[in-house]
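User: Hi! I've just opened my first protein model and could use a hand reading it. Can we go through it together?

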Amino acid sequence: MNAPSLTQSVHPVDTGAHVTGIAWLKDCAAFALGDGGVVLWKDGATHRTQAHPDAGILVAAGDGKRLVTGGDDGRVAVTGPDG
């Protein structure tokens, strides 16, 4: 009997920019990006929002409900699973 492979559970996500942080928001993966955007991935679909327009995200942390990001624009932004 063959054991299932971990690679069967891996899904590529095209974020369009360098990922600087990631957090799970319930059943949604939130990717903080070097171009200031946040990509939300759920069930194979993505949604992009711009947390830091014209700036990059330098730091990100999540608590399971929201993604908090700090950018080189001096702002702190909060993104929920609904964008």
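Predicted model: local features only at pLDDT ≥ 70, side-chain atom pairs only at ≥ 80, totals over all residues.

**Strands, sheet and cores**

User: Which residue in β7 is the bridge partner of L67?

Analyst: That partner is T79.

User: Okay, stepping back. How many helices and strands does the protein have?

Analyst: There are 0 helices and 7 strands. Reading from the N terminus, the elements go β-β-β-β-β-β-β.

User: What does the C-alpha trace span along its principal axes?

Analyst: About 55 × 25 × 20 Å.

User: New topic: the inside. Which residues make up the largest nonpolar core?

Analyst: It has 11 residues in all: A23, L25, C28, A30, A32, V38, L40, A51, I57, L67 and A77. At least two of the core residues come from each of β1 (19–25), β2 (28–33) and β3 (37–42).

User: Which strand gives the most to it?

Analyst: That would be β2, with 3 residues. There is also a second, separate core of 5 residues, which includes F31, L33, V39 and W41.

User: Why would nonpolar residues gather like that?

Analyst: In soluble globular proteins, nonpolar side chains tend to be buried together.

User: Can you zoom in on A32? What does it touch?

Analyst: Leaving out residues up to four places away in sequence, A32 touches H18, V19, T20, G21, G37, I57, A60, L67 and T69. Two of those, I57 and L67, also belong to the largest nonpolar core along with A32.

User: Nice. What share of the residues counts as buried?

Analyst: Of the 83 residues, 35% count as buried. The protein exposes about 5300 Å², and carbon and sulfur atoms supply 54% of that area.

User: Last one: how many of the contacts join residues at least 24 apart?

Analyst: Among contacts between residues at least 6 apart in sequence, 27% do.

Methods: Residues numbered from 1 in each chain as written. Heavy atoms only, no water. Core = buried A, V, L, I, M, F, W, Y, C linked by side-chain atoms within 4.5 Å. Buried < 20%, exposed > 50% of the residue type's maximum accessible area, 1.4 Å probe, protein only. Helix = DSSP H or I, 4+ residues; strand = E, 2+ residues; numbered from the N terminus. Contact = heavy atoms within 4.5 Å. Pairing = 2+ DSSP bridges. Areas by Shrake-Rupley, 256 points an atom, 1.4 Å probe, with all protein chains shown as cover.
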